[in-house]
Amino acid sequence: MNIQVYQSFLTVVQFRSFTQAAKYLNFTQPTISNHITALEEEYGVILFTRDGKNVYLTQAGKNFVPIAKQIMQDYQNSQELMRQFQKDNYSLKIGVSTQGINFYLLPVLLQLKKEFPELDIEVNRCMTVESTIDDAFNKKLYDFAFVHIDVQPLYTRRVALWNQPMVLVASKGLYDRMQQDDNFYNYPFIGYPDSEVYFKHLKSKIDFSKLKTFLTFSDSESGLVAVQQDLGIALVPRVKIQRELALGSLVEFPLKYSGNMPISVLYDYEFNFTLPTKRFLELLRASRDKNFDK
């Protein structure tokens, strides 16, 4: 029996929904249904009953929950025990479409490195979302591709991870010189090219005909440097400037001009997982859930 069917069972129990379980595990709903059917046929019992969209455990299902948890725990323990005997030189190659992703990714990689000290990890910053995808799935340079738009190429799997808050900011010096004016249309604007993801994000929130565009950059890092030098205001990932906002060296404009940028991870539909890469995906999901709870 595939260990995945036990995970599917416990996830349905957690969410009380086949649909939500499928979404969480990045499977189709029929796949989850097949997993549950396989368990029911294996043990000759009915584990769930349905009432419309609601899913309920049967008595057999309730009794099976601790058994499934123990099976999953035993499986995890066996993996950890066997790691010490592995001779393979595993590696993990990652492509990211924007530097801001690394702020979320680094804690996950640190934990992974603690569990797999011999694992070689390489993270590459690509110039665009398109080049990240091309390098990962056409040139086969990366195991995982992290992107900051909702996109899923053919024959890939996608796991939605984090929502990256984007904020309009000015330096404290410029803000004071403008007499703390909260109307950002009065400020010099540090913009992005029309093809850039950040531009598309701004397009739904800002009237570009009113902007006084001063400079245009293709990346948020350069835009942030321009802001810090009092040259204008720009839209930047909040995760990059939390310290500056706390210290007061940068000023954030009202939230109605801000928003969230979705970050997802993509990998090949037929990707051959190793123990480290399987654990990597588990840690990513745990990080997503932790940030969601906040």
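The model is predicted, so local features need pLDDT of at least 70 and side-chain atom pairs count only at pLDDT 80 or more, while totals for chains, interfaces and linings use all residues. Residues are numbered from 1 along each chain as its sequence is written, and side-chain values use heavy atoms, with hydrogens and water left out.

**Helix α1 itself**
- α1 runs over 3–15; helices here are DSSP runs (H or I, at least four residues), strands are E runs of at least two, and both are numbered from the N terminus.
- With 13 residues, α1 reaches 19 Å from its first C-alpha to its last, close to the 18 Å expected at 1.5 Å a residue (the expected span is 1.5 Å times one less than the number of residues).
- Its buried residues are Gln4, Val5, Tyr6, Ser8, Phe9, Leu10, Thr11 and Val12; buried means under 20% relative accessible area, exposed over 50% and partly exposed in between, using a 1.4 Å probe and protein chains only.

**α1 against α2**
- The axes of α1 and α2 come within 8 Å and cross at roughly 125°; axes are lines fitted to C-alpha atoms over the stretch in contact, with angles from 0 to 180 degrees between N-to-C directions.
- That makes the pair oblique, given that under 35 degrees is roughly parallel, over 145 roughly antiparallel, 65 to 115 roughly perpendicular and the rest oblique.
- On the α1 side, the contact uses Gln4, Gln7, Ser8, Thr11, Val12 and Phe15, and on the α2 side Phe18, Gln20, Ala21, Tyr24 and Leu25 (contact means heavy atoms within 4.5 Å).
- By class, that is six nonpolar, five polar and no charged residues; Ala, Val, Leu, Ile, Met, Phe, Trp, Tyr, Cys and Pro count as nonpolar, Asp, Glu, Lys and Arg as charged, and the others, Gly among them, as polar.

**α1 against α3**
- α1 and α3 (residues 29–43) have axes that come within 9 Å and cross at roughly 110°, so they are roughly perpendicular.
- Gln4, Val5, Tyr6, Ser8, Phe9 and Val12 of α1 meet Ile32, His35, Ile36, Leu39 and Tyr43 of α3.
- This contact divides into eight nonpolar, three polar and no charged residues.

**Two positive phi values**
- Most residues other than glycine have a negative phi.
- Arg16 isn't a glycine, yet its phi is positive at about 55°; it sits in the loop between α1 and α2 and is exposed at 64% relative accessibility.
- Tyr155 is another non-glycine with a positive phi, about 65°; it lies in the loop between β5 (144–147) and β6 (156–171) and is exposed, at 62%.
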